Each structure stands twice: as structure tokens, then as C-alpha cells.
Amino acid sequence: QIGAVIRRAELYHTNEFFEIAKRIVRSGSIKIVMLAGPSSSGKTTSSHRLTVQLMVNGIKAIPIALDDYFVNRDRTPIGEDGKPDFESLYAVDLELFNTQLKQLLAGEEVELPIFDFKTGMRKISGRKIKLEENQVLIFEGIHALNEELTRDIPRENKFKMYISALTSINIDDHNSVSTSDSRLLRRMVRDNRTRGYSPSKTLTVWSEVRDGEEKYVFPLQDSADVMFNTSLAYELAVLKSYAEPLLFTISSDDPEYETAKRLLSLLNNILPIPSESV
């Protein structure tokens, strides 16, 4: 039975991405897709799923993460609170990004950078790309809808997509899982698996991440050509097996202990689904 739930959820997403891909193809003028959304809304996954559906429609797409254009940590702008503002547009190397974007649109080959989140340094990836006829670029990142990022590109050549995991699950009359909590659980698992961050660190910076979203992401969502909900009916049941062990590592003397306890209480109401089922 759970297999049917998973298949229906995945099929719905596949159909939605297929329709978006058809819109892009029908336009005939779009060269870049700008895909934005708040933290852990599924930007990278969505860029790759859209790439597949564009391919089905006869267009080859090249997904590129804006995170790889981050400046080195020692050059990160400082916020009003005196701390590094990792959510700022200027945490992105705009000069390098615009230079490479212009080169790609001119038909030149570029070597993309890659950002190492464990060292906080950008490095050469060895990944060289060239935009051919009948190809589009997909840029994904929290600032993708910001016109300053692509100010030299005519609007008719851009397709803007806003995504978010709009989950609001009522478990019973007293327990609910908010959109923010769903994204926080996604982020905690992602940060630990791919960036080497402790769960406590993810919980600690979450309020700063949310502030950045209010400032840089949410105000631009109305400029998107399409909005897409990336939440999946089964995802919390899959995340539970990964998130619970991480939350249990947060000790009672940790400042994030109460948040960890609250999240564990929510997950306690959900039966796990093994990831192999997906």
C-alpha cells in the first residue's frame, strides 16, 4: 500500500515537471531557467528532474548550482549583526558568475567552479561546458529570481521558477508538522550527509537562514513564471530514519536541546518507511 502512495506522489511531480518543460520548449526563446526557493525546498533535485523532462521534450539542459559561485568564506559579507551573512546576494561572486554566463551565451566554453562546504573554499571543478544550439542552462539557488543576478539578460530569454515544500500536516488536534519544520529536517539530514555539519550546528543557524529567506527569497516569489510545491506525502516517514539518530546526539546541555526534543516528539507520531522503498 505504501508503494502506491509513493508512486502516486512521484507521478504527480513527474507530470508537473513535464508540463513546465513543455512551457519552456514552446516559448522558443528561453535560454536560461532561474530556479529559486528557500533552504531545503528541493532546488537541486528539481533542477535535475526538470533536466530530464526537458530532455524528453527534445531540449538538452545543463543544471548549475549557484552555491558553487560562493566567495571564499573569508570574503563573505558581514551582516548588520556583525556576523558573516551567508544568505546575502553578495556572498555570491557576481563578477565571476556574470562573466561565465556571458561567455556561455556567446557560445564559449567555460570551466565551472565548485564550492567545498567543508573547507569553505571555492575550487576548480574540471567540469567544462559549452552551450550548444537547442540547449538551456538551469541555474538553481536562493537568489536565482533576483534580477541583479542576470541583469544583462533580456526577460524573454529567462524562465523563472519558484519552489517550496509547502507541507502542513495535522497529525491530530494537538500535533502538526509545519513547512518550516519539514525543511529543517531535510536540511539537517542533508547538511550532515554532504557537508559534515553536526545536527546542532544546523539547528543553531536555522534562525539566521529563516531571516535570510524573509529578506532575500520570499519577496521575489511573485516574479516567478511558475510556482511548484516539492513536498511529498511520504517524505517525513523516510526522513525519520535519518533524522532521529541525529537528533538523539544533541545532549541536554546543548542550547538546541529543546528544539531537538520538539522535533523528536513530532517524528514519534510517524511510522518509518525504509529509503529502499522509494
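Modeller: Before we look around, one term: a contact means heavy atoms within 4.5 Å. Helices (H or I, at least four residues) and strands (E, at least two) are DSSP runs, numbered from the N terminus. This is a predicted model, where local features need pLDDT of at least 70, side-chain atom pairs count only at pLDDT 80 or more, and totals for chains, interfaces and linings use all residues. Residues are numbered from 1 along each chain as its sequence is written, and side-chain values use heavy atoms, with hydrogens and water left out.

Colleague: At what angle do the axes of H6 and H7 cross?

Modeller: Axes are lines fitted to C-alpha atoms, for helices over the stretch in contact, and angles run from 0 to 180 degrees between N-to-C directions. The axes of H6 (residues 235–248) and H7 (residues 257–267) cross at roughly 145° and come within 10 Å.

Colleague: On to the sheet. In what order do the strands lie?

Modeller: Two strands pair if DSSP finds at least two bridges between them. Five strands make an open sheet here, ordered E2-E5-E1-E6-E9, with parallel pairing. E2 (60–65) and E9 (226–229) are at the edges with a single partner strand each, so one side of each has no neighbour in the sheet. From one strand to the next, the twist averages 25°.

Colleague: How many bridges join E6 and E9?

Modeller: Four, in the parallel sense, with E6 spanning residues 158–164. Ile163 stands opposite Phe228 in E9, and Tyr162 is opposite Met227.

Colleague: Which residues of E9 are on its covered face?

Modeller: In a regular strand, side chains alternate between the two faces of the sheet. In E9, Val226 and Phe228 are on the covered face, while Met227 and Asn229 are on the uncovered one. Helix H1 (residues 2–27) lies across E1 (32–36), E6 and E9, running at about 165° to E9.

Colleague: Last one: is Thr202 buried or exposed?

Modeller: Buried means under 20% relative accessible area, exposed over 50%, and partly exposed in between (1.4 Å probe, protein chains only). Thr202 has 1% relative accessibility, so Thr202 counts as buried. Thr202 belongs to helix H5 (residues 199–217). Leaving aside residues up to four places away in sequence, Thr202 touches Leu184, Arg187, Met188, Asp191 and Tyr197.
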